[in-house]
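Subject: Structure handover

Hi,

Please have it open in your viewer while you read.

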Amino acid sequence: MYIYADNAATTKTSPAAAAAMVKCMEETYGNPSSLHSVGQKAAEVLQKAREEIAALLGADFNEIYFTSGGSEADNQAIRSAAIFGARKGKKHIISTKIEHHAVLHTLNKLEKEGYEVTLLDVGTDGIVKAQDVADAIREDTALVTIMYANNEIGTLQPIDEIAKICHEKKVLFHTDAVQAVGHVPINVHEQHIDMLSLSAHKFHGPRGIGVLYARKGAPLFNLIEGGAQERGRRAGTENLPAIVGMAVALKETIDGMEESEPKVEKLRDRLIEGLSEIPHSKLNGDPKKRLPGNVNFCFEGIEGESLLLLLDQKGIAASSGSACTSGSLDPSHVLLALGIPHEVAHGSLRLSLSENNTEEEVEYMIKAIPEVVNYLRDISPVWEDLEKGEKQHVI
Ligand SMILES: *Cc1c(COP(=O)(O)O)cnc(C)c1O
């Protein structure tokens with residue numbers, strides 16, 4: 001048995017999406033910008049995918065911009081708001097401490113370029129307060145960018161309330177919804193979302209393709225100069241097979257959401273229940289206001305990296321923090337923002353489930369993970385100190 005429990009890093013491509021991509025490569029090889037009939041057939045396929053994706057998000061087709069993924073969509077949304085804000089003397093941006101690095105690193109750069117960035121705190125539950133957003137908005141605020149769901153601890157942010165506040169105060173609102181799309185119902189128009197990022201590989205679509213939704217009238221600056229694709233806002237010949245695959249995967253995920261998400265949620269809650277039995281362990285993030293598939297724990301006295309390697313040997317693919325941060329020895333910025341001490345944040349484990357996981361797999365993990373945690377504690381000098389009382393337990 002090999003259990004894939006790292007769906008927040010990426011997901012297995014859906015067979016229907018993969019088949020649609022192969023068919024597109026074989027049959028629709030033209031360039032949508034070409035005037036001949038082969039090109040025009042590709043343009044039709046592109047338009048159909050754009051309309052399908054727009055309908056699934058509650059948007060209009062001309063509000064959909066294809067990008068190379070979530071990171072590019074985040075960069076473009078934030079840079080656009082910054083550039084157009086500055087033209088009106090608005091150089092203040094509001095976000096949170098728990099954003100994805102695609103957002104945080106873009107904001108860091110903007111700070112160096114003379115923008116002012118307010119990063120809001122979250123509670124120990126991993127959720128930002130809508131009132132804090134309202135209080136932080138100023139005359140010169142160009143953008144509020146807050147993720148829909150966190151990629152490490154899965155917490156769902158009060159997006160409806162935040163979007164309403166921004167709409168009333170006439171401040172642009174962007175949300176990185178990469179983890180949320182396909183797991184929670186989203187309708188950008190009804191929810192007053194001005195800009196939204198999504199990425200196909202997080203919902204069983206292909207890697208390297210995503211969408212920036214930008215409401216009609218929202219200012220968009222093109223990061224990539226060249227041809228007039230995406231209505232002049234994103235140059236480069238369209239990745240048509242990936243776009244077609246993304247449309248198929250998105251429809252499949254959203255159509256199946258009502259049935260699959262309660263099932264995944266049940267698996268999640270059973271896994272949380274089982275792992276909570278481990279002494280000196282702690283669930284990170286609100287137990288209920290989180291993505292249906294997200295489980296994130298800290299175990300005192302162990303190293304997340306060693307845990308992952310041993311779990312892999314036991315046939316479990318998991319993650320500590322986010323895939324993008326692993327390889328660095330710094331503990332996760334998200335766990336630190338929850339007030340978790342450095343030494344405890346090092347021993348974190350993220351298990352992210354999908355509808356492909358089973359009850360049997362969850363029961364296996366509930367048995368295997370405590371064994372590995374105990375083994376690592378037995379050989380851990382930190383754990384020895386804790387047991388001897390030379391160091392105090394924190395959790
Ligand atoms: C994965 C992820 C991204 C990056 O998306 P890519 O398509 O891999 O560039 C951005 N934000 C969040 C919340 C993510 O989980």
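This is a predicted model: local features need pLDDT of at least 70, side-chain atom pairs count only at pLDDT 80 or more; totals for chains, interfaces and linings use all residues.

The structure holds zero disulfides, a disulfide being a pair of cysteine sulfur atoms within 2.5 Å.

Residues are numbered from 1 along each chain as its sequence is written, and side-chain values use heavy atoms, with hydrogens and water left out.

Helices (H or I, at least four residues) and strands (E, at least two) are DSSP runs, numbered from the N terminus.

Helix α1 covers residues 15-27, which makes 13 residues. From its first C-alpha to its last, α1 reaches 18 Å, close to the expected 18 Å at 1.5 Å a residue; the expected span is 1.5 Å times one less than the number of residues. Buried in α1 are Ala17, Ala20, Met21 and Cys24. Seen down the axis of α1, these buried residues fall within an arc of 100 degrees, so they line one face of the helix. The arc is that of the directions from the helix axis to the C-beta atoms. The background is simple: an α-helix has 3.6 residues a turn, so residues three or four places apart point the same way. On the other side of α1, Pro15 and Glu26 are exposed. The cover over the buried residues of α1 includes α8 (240-275), where contact means heavy atoms within 4.5 Å.

Helix α6 (residues 159-168) has Ile159, Ile162, Ala163, Ile165 and Cys166 as its buried residues. Viewed along the axis of α6, they fall within an arc of 160 degrees, so they line one face of this helix too. Among the elements that cover them are α5 (130-136), β5 (141-145) and β6 (172-176).

Lysine 170 follows α6 and lies in the loop between α6 and β6. Its phi is near 55 degrees, a positive value in a residue other than glycine. Most residues other than glycine have a negative phi. Lysine 170 counts as exposed because its relative accessibility is 71%. Arginine 231, in helix α7 (residues 229-232), also has a positive phi, near 50 degrees. With 36% relative accessibility, arginine 231 counts as partly exposed.

Which residues come nearest to the ligand? Of the 13 residues around the ligand, they are Ser71, Asp176, Gln179, Ser199 and Lys202; a residue is near a molecule or strand if one of its heavy atoms lies within 4 Å of it.

- A polar backbone atom of glycine 70, 2.8 Å from a ligand oxygen.
- An N or O atom in the side chain of glutamine 179, 2.7 Å from a ligand oxygen.
- A polar side-chain atom of serine 199, 2.6 Å from a ligand oxygen.

Threonine 106 sits in helix α4 (residues 101-112) and is buried, with a relative accessible area of 5%. Leaving aside residues up to four places away in sequence, threonine 106 touches Asn75, Ile78, Arg79 and His101.

Alanine 81 belongs to helix α3 (residues 70-87) and counts as buried at 3% relative accessibility.

Serine 354 is placed in the loop between β12 (348-352) and α12 (359-378). It is buried, with a relative accessible area of 4%. The side chain of serine 354 reaches the backbone nitrogen of asparagine 356 at 3.0 Å. Beyond residues up to four places away in sequence, serine 354 touches Asn7, His204 and Val264.

Best wishes

Technical notes:
Buried means under 20% relative accessible area, exposed over 50%, partly exposed in between (1.4 Å probe, protein chains only). A polar contact is a pair of N or O atoms within 3.5 Å; within protein, one must be able to donate a hydrogen and the other to accept it, and residues adjacent in sequence count only if both atoms are side-chain atoms.
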